[in-house]
Amino acid sequence: MSHSYTALVPQDSDHLEEDVPTMAKGAAASLLQRGAAAVETPLFQTVIGAVIALNAIIIGYETDHPDFFLAPPLEHSFLVIFVTELVLRLMHFGVWTFATHPEDFVWNWLDTI
């Protein structure tokens, strides 16, 4: 079983399909590729910004209401959304470009931490 790990070096997003392991090709890979390509769209940026704002509101609400019954499922939902965003960004840019992107360098590292 052979995998391509060329996403570790800088490259164009046009070659994303070549970077997906052979076993992952198909419908799931196609969906991931479309998701990865969407990370730079204004809609994606707006949705993630809204999720970040909503997360901040929930954290503030939890500060005053520590027994808030929806806190655990909401926190898990935010975690899934943020991890999905990180994976899609890594797929889109590749690890090297993601870690050294000249415009988003600081934000990418903060997202990773």
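This is a predicted model: local features need pLDDT of at least 70, side-chain atom pairs count only at pLDDT 80 or more; totals for chains, interfaces and linings use all residues.
**Entry 1, pocket.** I looked up the largest pocket and found a volume of about 430 Å³. I counted 16 lining residues, with I48, E85, R89, W107 and D111 lying nearest the centre of the pocket. I then sorted the lining by helix. At least two residues each come from α3 (42-64), α4 (71-93) and α6 (105-112). The largest share, six residues, belongs to α4. By class I noted seven nonpolar, four polar and five charged residues in this lining.

I searched the whole structure for aromatic pairs and got three. For Y61 and F68 I read 4.9 Å between ring centres and 75° between planes; the pair is edge-to-face because planes over 60 degrees apart count as such. Y61 is partly exposed at 38% relative accessible area, while F68, at 18%, is buried. The cut-off for buried is under 20%, so F68 falls within it at 18%.

I next took F78 and F82, which form a stacked pair with 6.3 Å from centre to centre and 20° between the planes. Both sit in helix α4, four residues apart, or about one turn of the helix. I checked the accessibility of each partner. F78 is buried, with a relative accessible area of 6%, whereas F82 is partly exposed at 25%.

Which residues do ring pairs link into a cluster? I noted Y61, F68 and F69.

Key
Residues are numbered from 1 along each chain as its sequence is written. Side-chain values use heavy atoms; hydrogens and water are left out. On a 1 Å grid over the protein atoms alone, a cavity is a set of points where a 1.4 Å probe fits but cannot get out, and a pocket is an open set with protein on both sides within 12 Å along at least five of seven lines; lining residues have an atom within 4 Å of a point. Grid points are joined across faces, edges and corners, and a volume is the space filled by probe spheres set on the points. Ala, Val, Leu, Ile, Met, Phe, Trp, Tyr, Cys and Pro count as nonpolar, Asp, Glu, Lys and Arg as charged, and the others, Gly among them, as polar. Rings of Phe, Tyr and Trp (its six-membered ring) pair if their centres lie within 6.5 Å; planes under 30 degrees apart count as stacked, over 60 as edge-to-face and the rest as tilted. Buried means under 20% relative accessible area, exposed over 50%, partly exposed in between (1.4 Å probe, protein chains only).
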